Amino acid sequence: MNVLIKDLGLLINAMLIATPPLLFAALGSCFSERSGVVNIGIEGMMTIGAFTGAVVAYFTGNGWLGFLCGGLAGAAFGLLHAVACISYGADQTISGTAINFLAPGLAVFLCKALFENSSDSPALDTAAKLPKMFNGVFKAGSFGYNVLNTYPVAYLCFVLVLVVWFVFYKTKFGMRLRAVGEHPQACATLGINVFRIRYICVIVSGFLAGLGGAYVTLSTVSQFRPSVIVGQGFIAIAAVIFGNFKPQGAMKACLLFGLCNGVKALLGSGNVVSPHLISMIPYLVTILALVFFVGASRVPAANGKPFLKAK
């Protein structure tokens, strides 16, 4: 029984490590997609956020400042995506793909410039990372230690789901956001500034994706590496599609993918199964989820379609 409780605690701990970056990025994607702008540049925005968070925390010794700056770096690339797609009507898929090349490339370039031609940033001291809750309260390895002695950001992202849900469905801005994603021409005739709402949503999308990337380097990995995000941005996008473009649905999907990472961690600790097969679990589940559930998702009607002002 004690072994079962311990394994359950380890599984929850692994979920709390793997779910937050996906959930931050997925909530950001919800903003962009529901406003009618496809943002597949989430992966690149997470990567630049991971780099910025690690570097700022390394030089300042402040994990919270690094976390915030990681979000701002993602927001900067969100602004770039917004300018290209909203102001100039660029193809949204191509723009997002370009960001997925540009942001990681810039991160590696700056990393080599700052750290003697190394593509990896130095490992962060514990004091420079995000702090943990309840340090010293629970015995190491106990259920309480695994579940509660974790980073507060891991719980903050679930609170953020409620905030985003409230914004989407209980505020005037949320109503306009959803309307702009369905019929921007009708919104424009009612005096709604379609460009402004879409700009806000895409920038928020980049900010939240940047926070997700910064969480990775400021908690679990403790340094930036070129492969630190390894497809998590695309999994977050899949979670949004799987969750029917709703924040609560995206959370459920992210928890599922986080659970897969937890199972991967538990299986990997025993060295019973090949680590290469274990590493496939989250991506395999992502593909299966899209194959069997994507047909049930309803994409916003104006998603991916540039809005042109009537002259």
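Helix H7 (residues 172-182) has four buried residues listed here: Gly174, Leu177, Val180 and Gly181. Buried means under 20% relative accessible area, exposed over 50%, partly exposed in between (1.4 Å probe, protein chains only). These H7 residues cover an arc of only 125° around the axis, which puts them on the same side of H7. The arc is that of the directions from the helix axis to the C-beta atoms. An α-helix has 3.6 residues a turn, so residues three or four places apart point the same way.

This is a predicted model, in which local features need pLDDT of at least 70, side-chain atom pairs count only at pLDDT 80 or more, and totals for chains, interfaces and linings use all residues. Residues are numbered from 1 along each chain as its sequence is written, and side-chain values use heavy atoms, without hydrogens and water.

The protein has 13 helices and zero strands. Helices (H or I, at least four residues) and strands (E, at least two) are DSSP runs, numbered from the N terminus.

The loop between H9 (194-220) and H10 (232-242) holds Ser222. Val230 lies in the loop between H9 and H10 too. Both are residues other than glycine with positive phi. Most residues other than glycine have a negative phi.

| Residue | Phi | Relative accessible area |
|---|---|---|
| Ser222 | near 70° | 13%, buried |
| Val230 | near 40° | 46%, partly exposed |

Buried residues make up 48% of the 311 residues. The C-alpha atoms fill a box of roughly 65 × 45 × 35 Å, taken along the principal axes.
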